[in-house]
Amino acid sequence: MVRGLVGALLAGILAAGTAAAQDDRLPPGTRFSAIRVDVGPLQAQGLDGFALQVRGDLQAALGRVFADRLGGPGPVLVVRVTGVSLNAYAGSDSRHGRGGGSNTDYLDGEALVLGRKGEVLLRRPQLSATPASYGGAWYDPASERRRTTVLAEHYAAWLKRGLGLD
């Protein structure tokens, strides 16, 4: 009974979120004068070095994904990263039984499209999730670094699509 109620409630929330997201699209020909990444929320948590790494990865990914949308006097796209979660152990996934686990990494944030005077023309929250295994073997020291790069690429690609610019 409770499970059915929770499921119905979540379905309603997702449907409302989908309807709202469809209204958060830009005109098809939109071009940006600049793209910026704000990792202030991560830095406020004391994650300075990691925040800079995420900013670099996301700035590069956004530059590649939105390359055909850059240039001219258009609005500025600002992506504010509010959270990043990398699974502590990517070598096992316990989906059955108690104590479950997750091998999913997350990048949470919002895109702000700012007009010439700094006014917010559009705000689009987004959560990207990718399998932690996308970074390669969990015991490889470079795995975590690759995982942030994969998250950034995933976030950028879905953001372009979510803004209706793909």
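Me: How much space lies in the largest pocket?
Reply: Rolling a probe the size of a water molecule over the atoms shows where empty space is left. Here the largest pocket holds about 170 Å³ of space. A pocket is an open set of points, on a 1 Å grid over the protein atoms alone, where a 1.4 Å probe fits, with protein on both sides within 12 Å along at least five of seven lines; lining residues have an atom within 4 Å of a point. Points are joined across faces, edges and corners, and the volume is the space filled by probe spheres set on them. This is a predicted model: local features need pLDDT of at least 70, side-chain atom pairs count only at pLDDT 80 or more, and totals for chains, interfaces and linings use all residues. Residues are numbered from 1 along each chain as its sequence is written, and side-chain values use heavy atoms, with hydrogens and water left out.

Me: Which residues line the largest pocket?
Reply: The lining consists of Arg25, Arg124, Pro125, Gln126, Leu127, Ser128, His154, Trp158, Arg161 and Gly162. Two elements, β4 (120-131) and α4, each give two or more residues to this lining. Strand β4 has the largest share, with five residues. By class, the lining has three nonpolar, four polar and three charged residues (nonpolar: Ala, Val, Leu, Ile, Met, Phe, Trp, Tyr, Cys and Pro; charged: Asp, Glu, Lys and Arg; polar: the others, Gly among them).

Me: What pattern does the protein follow along the sequence?
Reply: Elements are DSSP runs numbered from the N terminus: helices are H or I with at least four residues, strands E with at least two. The protein has four helices and four strands, in the order α-β-α-α-β-β-β-α.

Me: How is the span of helix α3 to be read?
Reply: The expected span of a helix is 1.5 Å times one less than its number of residues. Helix α3 (residues 48-65) has 18 residues and reaches 25 Å from first to last C-alpha, close to the expected 26 Å.

Me: Which residues of α3 are buried?
Reply: An α-helix has 3.6 residues a turn, so residues three or four places apart point the same way. In α3 the buried residues (under 20% relative accessible area; exposed is over 50%, partly exposed in between; 1.4 Å probe, protein chains only) are Ala51, Val54, Asp57, Leu58, Ala61, Leu62 and Val65. They cover an arc of only 135° around the axis, which puts them on the same side of α3; the arc is that of the directions from the helix axis to the C-beta atoms. Their cover includes β1 (34-38), α2 (40-43), β2 (76-85), β3 (104-114) and α4 (143-162).

Me: What do the buried residues of α4 pack against?
Reply: They pack against α3, β2, β3 and β4. Among these buried residues are Leu151, Tyr155 and Leu159.

Me: Is Val79 buried or exposed?
Reply: Val79, in strand β2, is buried, with a relative accessible area of 0%. Leaving aside neighbours within four places in sequence, Val79 is in contact (heavy atoms within 4.5 Å) with residues including Leu58, Leu62, Tyr155 and Leu159.

Me: Where is Ser133 found?
Reply: Ser133 is in the loop between β4 and α4 and is partly exposed, at 47% relative accessible area. Its C-alpha is 7.4 Å from that of Asn103, 30 residues apart in sequence.
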